[in-house]
Amino acid sequence: MRLPATWILVATLWGLFAPVASADELSAEKRTDIEQLLVLTGALTLGQQMAHSMTEQMSQAIKAARPDIPQSLIDALPHEIDAVIAANLDSFKDATIPLYHRYYSGPEIKELLRFYASDLGKKTIAVMPQMMQESLAVGRAWGESLAPQIQARLRARFQKAGVSI
């Protein structure tokens with residue numbers, strides 16, 4: 001069986017550029033710095049914060065779908081979910097480190113460490129969850145306020161094209 005020329009070209013290019021792609025290996029020092037950054041910024045607790053939100057949504061969905069389930073079991077959800085997240089936090093960290101490695105150089109990670117250790121960095125970390133929550137609410141309200149304009153423009157565009165909606 002003969003390989004198409006395209007496959008041969010791809011294999012050749014892969015062989016030429018593979019060493020370049022792997023030249024930026026994750027050093028032990030950079031990995032340690034990234035781990036420190038994840039701890040300092042609270043990035044590793046993000047999963048736990050998301051779990052609390054998921055738990056509330058899950059509790060409401062279970063109550064709605066199965067009102068016969070005792071409240072004591074619903075109340076146990078946070079404990080069970082937190083236990084699973086705690087047991088798997090290392091896998092989250094291991095999946096996150098390559099992202100930081102890809103987007104930040106070693107010196108940039110060190111600069112981030114210095115920033116987040118500063119008073120302004122600590123304030124940024126402290127206010128970010130509330131600021132994000134408020135930003136989402138602002139964005140949602142803004143989007144809802146634009147909905148009538150968007151609907152009117154789309155309706156006009158569809159009608160101009162002879163499509164009734």
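Me: Why are α2 and α6 called roughly parallel to each other?

Reply: In this predicted model, α2 and α6 pack at an angle of about 30°, with their axes 10 Å apart. Angles under 35 degrees count as roughly parallel, and α2 and α6 are therefore placed in that class. The crossing of α2 and α6 is left-handed.

Me: What makes the contact of α2 with α6, and how do its residues divide by class?

Reply: Contact means heavy atoms within 4.5 Å. On the side of α2 the contact is made by Glu29, Lys30, Asp33, Ile34, Gln36, Leu37, Leu40 and Thr41, and on the side of α6 by Gly106, Ile109, Lys110, Leu112, Leu113, Tyr116 and Ala117. By class, the contact has eight nonpolar, three polar and four charged residues.

Me: Why are α2 and α5 called roughly perpendicular to each other?

Reply: The axes of α2 and helix α5 (residues 89–103) cross at roughly 110° and come within 10 Å. Angles of 65 to 115 degrees count as roughly perpendicular, and α2 and α5 are therefore described in this way. The crossing of α2 and α5 is right-handed.

Me: Which residues of α2 and α5 meet?

Reply: Lys30, Arg31, Ile34, Glu35, Leu37 and Leu38 in α2 meet Lys93, Asp94, Thr96, Ile97, Tyr100 and His101 in α5. This contact of α2 with α5 divides into five nonpolar, two polar and five charged residues.

Me: How do you know that α6 and α7 are roughly perpendicular to each other?

Reply: α6 and α7 pack at an angle of about 80°, with their axes 4 Å apart. The range for roughly perpendicular is 65 to 115 degrees, and α6 and α7 therefore belong to it. Their contact is made by Phe115, Tyr116 and Ala117 of α6 and by Asp119, Leu120, Gly121, Lys122, Thr124 and Ile125 of α7. Five nonpolar, two polar and two charged residues make up the contact of α6 with α7.

Me: What makes up the lining of the largest pocket?

Reply: The largest pocket holds about 660 Å³ of space. It is lined by 20 residues, and the closest to its centre are Leu46, Gln49, Met128, Pro129 and Met132. The elements that give two or more residues to this lining are α2 (28–41), α3 (46–65), α6 (106–117) and α7 (119–160). Among these, α7 gives the most, with seven residues.

Me: How many residues of the lining of the largest pocket are charged, and how many are nonpolar or polar?

Reply: The lining of the largest pocket has twelve nonpolar residues, eight polar and no charged. Asp, Glu, Lys and Arg count as charged.

Definitions and conventions:
Residues are numbered from 1 along each chain as its sequence is written. This is a predicted model: local features need pLDDT of at least 70, side-chain atom pairs count only at pLDDT 80 or more; totals for chains, interfaces and linings use all residues. Side-chain values use heavy atoms; hydrogens and water are left out. On a 1 Å grid over the protein atoms alone, a cavity is a set of points where a 1.4 Å probe fits but cannot get out, and a pocket is an open set with protein on both sides within 12 Å along at least five of seven lines; lining residues have an atom within 4 Å of a point. Grid points are joined across faces, edges and corners, and a volume is the space filled by probe spheres set on the points. Axes are lines fitted to C-alpha atoms, for helices over the stretch in contact, and angles run from 0 to 180 degrees between N-to-C directions. Angles under 35 degrees count as roughly parallel, over 145 as roughly antiparallel, 65 to 115 as roughly perpendicular and the rest as oblique. A crossing is left-handed if the near helix is turned anticlockwise from the far one by less than a right angle, and right-handed if clockwise.
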